[in-house]
Amino acid sequence: MTTPLTLEMIGQAPKALLHDHLDGGLRPSTVLDIAGQIGYDELPADDDAALANWFRTAAHSGSLVRYLEPFAHTVAVMQSPEALHRVAFECVEDLAADNVVYAEVRFAPELHLAGGLSLDEVVDAVLAGFADGEKAAAAEGHPIVVRCLVTAMRHAARSRDIAELAIRFRDKGVVGFDIAGAEAGYPPTRHLDAFEYMRSQNARFTIHAGEAFGLPSIHEALAYCGADRLGHGVRIVDDIEVLPDGTAVLGRLAAILRDKRIPLEMCPSSNVQTGAVESIESHPFDLLARLRFRVTVNTDNRLMSDTTMSQEMLRLVEAFGYGWSDLERFTINAMKSAFIHFDERLAIIDEVIKPRYAVLIG
């Protein structure tokens, strides 16, 4: 009988992460420290444990809109070059400690201008933090590649500016573009100009779709905007009928999503918190994985969900009985779907992920 995987065992596995928000992954101690330095006095707790608990509890709201409210506090302490560098550096440290070997971390530069910084200065500070974090992680024996996605807020009107920002920094560490925020009332097509610009520049982008809103959001992201990947996309399950004999019948949207190998950036714990799914056990991840959609495992917001990549994988292992070969497939799915060049993706798969999994599988 195969030994069930534990958190400690999963912690040893190499991981690839595509969907992680910088402003959703701060250490509670860092939030408190920077708040103290800048005189920000609106935090709901004054010690690490209580603050961590508050973020997790506030985010577990059953609503995407309410889930996003605690971000006001993390964004408030990320308004200087020093703070942005520190948060980015610590993000890399934390991911590397969890044996993440490749990560794309996203954030919305437009939310970090309150201290007088320009969009370019904001991105410069974050990229410097990532680069310094990579060097420190390599020195500790945990090499990691971290790249950046710049995000535009769906309720705002700066998406073209942010898309142009992505192109300005495309050779400095920014590998793509995204839109995020409340879905209902802010469809992807509202930002069509930004997506058309990205396509005109031969650039890559992902779109948060099918999380709080249903199939129309996914359809727009694919058919009109041309998304390379989908953030979440859990509601694609609404276009799949499972018959009494277990056979699955795919609708046209689900079929083209699978046929075109559009990656799904799935974030199980976050989806439970926002009410996108009722529980990990009822998450469509396993159905989609069995139907060979390109599913990937992600953290979304490590602070709000009190999670890591290892913990997300463990929750899926406990719910669906996955073994090493399944986790390897999900990891390779993610690495195949990264926004770096093909040869770079292949090198990480062939030289890092597969050899390390071969040792684990034995």
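Author: Let us take histidine 73. Contact means heavy atoms within 4.5 Å. Leaving aside neighbours within four places in sequence, histidine 73 is in contact with Tyr40, Glu42, Leu43, Pro44, Trp54 and Phe55. The model is predicted: local features need pLDDT of at least 70, side-chain atom pairs count only at pLDDT 80 or more, and totals for chains, interfaces and linings use all residues. Residues are numbered from 1 along each chain as its sequence is written, and side-chain values use heavy atoms, with hydrogens and water left out.

Reader: In which helix is histidine 73 placed, and is the residue buried or exposed?

Author: Helices (H or I, at least four residues) and strands (E, at least two) are DSSP runs, numbered from the N terminus. Histidine 73 belongs to helix α5, residues 71–76. Buried means under 20% relative accessible area, exposed over 50%, and partly exposed in between (1.4 Å probe, protein chains only). Histidine 73 counts as buried because its relative accessibility is 12%.

Reader: Which side chain makes a polar contact with that of histidine 73?

Author: A polar contact is a pair of N or O atoms within 3.5 Å; within protein, one must be able to donate a hydrogen and the other to accept it, and residues adjacent in sequence count only if both atoms are side-chain atoms. The side chain of histidine 73 is joined to that of tyrosine 40 by a polar contact of 2.8 Å. A second case is asparagine 271 in helix α12 (residues 268–274), whose side chain makes a polar contact of 3.1 Å with the side chain of histidine 232. Asparagine 271 is buried, with a relative accessible area of 0%. Not counting residues up to four places away in sequence, asparagine 271 touches Glu211, His232, Val234, Ala276, Val277 and His283.

Reader: How is a nonpolar core read, and how many residues has the largest one?

Author: In soluble globular proteins, nonpolar side chains tend to be buried together. A nonpolar core is a set of buried Ala, Val, Leu, Ile, Met, Phe, Trp, Tyr and Cys residues joined through side-chain atoms within 4.5 Å. Here the largest such core has 120 residues, and Phe130, Phe177 and Leu230 have the most contacts inside it. Beyond its neighbours within four places in sequence, leucine 230 has contacts that include Ile218, Ala221 and Leu222.

Reader: Which residues of helix α10 are buried, and against which elements do they pack?

Author: An α-helix has 3.6 residues a turn, so residues three or four places apart point the same way. In helix α10 (residues 215–224), the buried residues are Ser217, Ile218, Glu220, Ala221 and Leu222. These buried residues pack against β5 (205–209), β6 (229–232) and α11 (252–259). Just after α10, glycine 226 takes a positive phi of about 75°.

Reader: Where is the kink in helix α16 centred?

Author: The bend at a residue is the angle between axes fitted to the seven residues ending there and the seven starting there. Helix α16 (residues 342–361) has a kink of about 35°, centred on isoleucine 349. Isoleucine 349 is among the buried residues of α16, as are Arg345, Ile348, Ile353, Tyr357 and Leu360. The packing partners of the buried residues in α16 are β2 (100–107), β3 (145–153) and α15 (324–336).

Reader: Which residue other than glycine has a phi near 65°?

Author: That residue is asparagine 99, whose phi is positive. Asparagine 99 lies in the loop between α6 (81–97) and β2 and is buried, with a relative accessible area of 15%. Asparagine 202 also has a positive phi, of about 55°, although it is not a glycine. Asparagine 202 is exposed, with a relative accessible area of 67%.

Reader: How does the radius of gyration of the chain compare with that of a compact globule?

Author: The radius of gyration is taken over C-alpha atoms, and the globule rule is 2.2 Å times the number of residues to the power 0.38. With 362 residues, a compact globule would have a radius near 21 Å; the chain has 19 Å, which agrees. Of the 362 residues, 57% count as buried. The chain contains 16 helices and 10 strands.
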